[in-house]
Each structure stands twice: as C-alpha cells, then as structure tokens.
Amino acid sequence: MKLFVGIDVSSEKLDTCFLTDDDSLTVLAEMSLGNDVVGATTIKEKILACHEAWHFTQIVIGMESTSMYSFHPAMFFNEDEALRALPTVVTVENPFRIKQFSRMFDEDKTDKNDALRIADFLRIQRFTTSPIKEEKYMALQRLTRARYQMIGQLVEAKQHFLENLTYKCNTLTRELKASDSSTSVFSATLLSLFTEDYSLDDLAEMPLEDFASLLQEKGRGRFKQPEALAKTIKKAIRGSYRLGSVAQESIDAVLSAIAAQIRGLENSIQALDKSIEQLVVAIPEYQCLTSIPGVGKVYAAGLIAEIGQIDRFEDQTKLAKYAGLSWKV
C-alpha cells in the first residue's frame, strides 16, 4: 500500500490530506497547520507514525508550485533525514495540472478539498518525479531575477530622465548624435553636469577652455576630445528653449532625483553581477553555456537559475516543454 500526502500551501497555512491507494481510498488524516517549521514537523511526525503502522511501499508528498510559499516546505520534506530513510518522493506540481484534474469533481473549492485533490492527483501516478531544485539554483535565481527587475527599473528611470531633460535642454540628445560623440547623456559626467548648480546660461557663457577643463575634471581625464564635446554641448544649449525660473527649479529637482536613482540602480546592478559571478562559476553548466557564441555571463546565469540541475529532465523535449517551447500535435 502507498501513502499520498497532498499539501495545499498558502502564505500562512499547510492544509494536508493523507490518502492511501487501497480499494476504499482511505483518508487517514486531514489537518490544517501553520506554514512554518512547527507545522511541517507535525506533518513529518504524522507521516512517520502512519508508516510505522502501515509499512507503505511508497510515500509521495506533493504540493503545488506557489513560488516562495512552497519553497520552504518542499525543501524541508526533501532534505529531512528521517523521511529520506523511507521510500519517499517529494514533488512540486504545476498548479494548472492540479486545477484541470480538480475540475472533474463537482465540489466546493476549499483548502480542505484542495489538499484532498492534490493527494488524489498524486494517487493516479501522474506526478513528476524530478528532484527539487538544489539551494544554489534557488539562490542564483533570486539574484538573476532581482537583476532583471532592476534593469527594468533602470530603463524606466532613463526614459523619465530623457523626458525631463527635454524640458531643460531639448536639443542635447540630437546634437550628441550629430557630432558622432561616443558620450551618452547618461554618462556620469553629463548626469553630474546637468543636475548640479550650473544653469544653462552659466555653461553657455563659460570660456571653451574652462568648459573643456571642467568636463575633463568630472570625467577624470577620460575624454579624448573635451573641447569638441564642450562645443557640442554649447551648441545644444544655444539651440534649446528656455524655461521660466519656477519651472526650471522644478525640472532641476526632478533631474537630480532621477539621476540619483540611476546611479543607485547602476551600483546595485554591479553588486549583483559580482554576486552572480561568484556563485555561477562553480556550476559545471556555466562553462558549457558560455562556450556558445552569443551567450554571455548574464544569459548563462539566467538559464541556469531557471532550469536548475539539468538532470531534472529526461531529455530535451522535457526541457522544451518546461520552457513552454513545445506544442501539441
């Protein structure tokens, strides 16, 4: 006889159903516990007690994948030494598959019924048997997803900066492009120049040599042609509209705030990149992926983080299906 433990996971609770596969499909126990170590330990002790009484040939513990809510209980049951000594399988299932299975039953949707249907789904042996993602892959996933989120925030911040810069100096971007300058509006030098206490008139009236020296000072000597860049900026200032003093103060305040946000995000992304590299270089798949033309450190880390250990998949078709790259015939 086999035991199927269905767990309906939420942020606060672990609703659990113990179901056997005997002829009567006996529900041995149902319980609602906290989603914490105490609740998970109670479930574990109940499993051990049931096994001591019934001597199951297999114990399947399953739950739906609910992101961060299911991670801790899944790892708890998968790593527990007492459970690993038994014929135990721990699986995290696609919620869509459980939902499709549950639709066959005309019953109320409650946490208690959800736990029963998860256990029943496990009973029909349609569950996956791939191992739970190892901790290092989860750690890498947190880093790469945080980086992805920050990149989106950085793009949005730069868009807002350009919108507001247009009010202050509407021809700057155009003139930089026309001059074939490699300097970006978002370079540290220009961000600093247009968000500090210099008015456009101050910059326009500044002698060219002094302006070039100021650019070199802010750019720490990295500009090859500071005078050409100074001329381009002066031309942009002369060709731009002027705001009234009240509007100008508001735009300056907005630009300063967004520039600080951009700098903070760029620093945070650099810090994440270092953490990602320290973690990912120890994973064997990393060297394999980065040997592919076009796959750099960021893409390789992202692929590894989302796929996890490759032996979770029997072949490439299973991996393609996991990634949503397969279609029914």
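Through how many residues does a hairpin join E1 to E2? The hairpin that links these two strands passes through three residues. The structure is a predicted model, in which local features need pLDDT of at least 70 and side-chain atom pairs count only at pLDDT 80 or more, while totals for chains, interfaces and linings use all residues. Residues are numbered from 1 along each chain as its sequence is written, and side-chain values use heavy atoms, with hydrogens and water left out.

The elements named here are DSSP runs numbered from the N terminus: helices are H or I runs of at least four residues, and strands are E runs of at least two. Strand E1 covers residues 2-9, and because seven of its eight residues are buried, E1 is largely enclosed by the rest of the structure. Buried means under 20% relative accessible area, exposed means over 50%, and partly exposed lies in between, as judged with a 1.4 Å probe on protein chains only.

E1 has pairing partners, two strands being paired if DSSP finds at least two bridges between them. With strand E2 (residues 13-20), E1 runs antiparallel and is joined by seven bridges; within E2, threonine 16 is the bridge partner of isoleucine 7. With strand E4 (residues 58-64), E1 pairs in the parallel sense over six bridges, and glycine 6 stands opposite glycine 62 of E4.

The loop between E4 and H2 contains serine 65. This serine 65 counts as partly exposed, at 36% relative accessibility. Serine 65 and aspartate 15 are 50 residues apart along the chain, and their C-alpha atoms are separated by 14 Å.

Aspartate 80 occupies the loop between helix H2 (68-79) and helix H3 (81-84). With a relative accessible area of 12%, aspartate 80 is buried. A polar atom of its side chain lies 3.1 Å from the backbone nitrogen of alanine 82, and the side chain of aspartate 80 also reaches the backbone nitrogen of leucine 83 at 3.1 Å.

Another buried residue is arginine 117, whose relative accessible area is 11%. Arginine 117 belongs to helix H5 (residues 111-123), and its side chain makes a polar contact of 2.7 Å with the side chain of glutamate 107. A polar contact is a pair of N or O atoms within 3.5 Å; within protein, one must be able to donate a hydrogen and the other to accept it, and residues adjacent in sequence count only if both atoms are side-chain atoms.

The description now turns to the nonpolar core. Such a core is a set of buried Ala, Val, Leu, Ile, Met, Phe, Trp, Tyr and Cys residues joined through side-chain atoms within 4.5 Å. The largest one has 32 residues, of which Phe161, Leu193, Phe194, Phe211 and Ile233 touch the most other members. At least two residues of this core come from each of several helices, among them helix H6 (135-168), helix H10 (208-218) and helix H12 (245-280). H12 gives the most to this core, with seven residues.

Finally, 16 residues line the second largest pocket, and Ser181, Ser182, Thr183, Phe223 and Leu229 lie nearest its centre. On a 1 Å grid over the protein atoms alone, a pocket is an open set of points where a 1.4 Å probe fits, with protein on both sides within 12 Å along at least five of seven lines, and lining residues have an atom within 4 Å of a point. H11 gives the most to the lining of this second largest pocket, with three residues.
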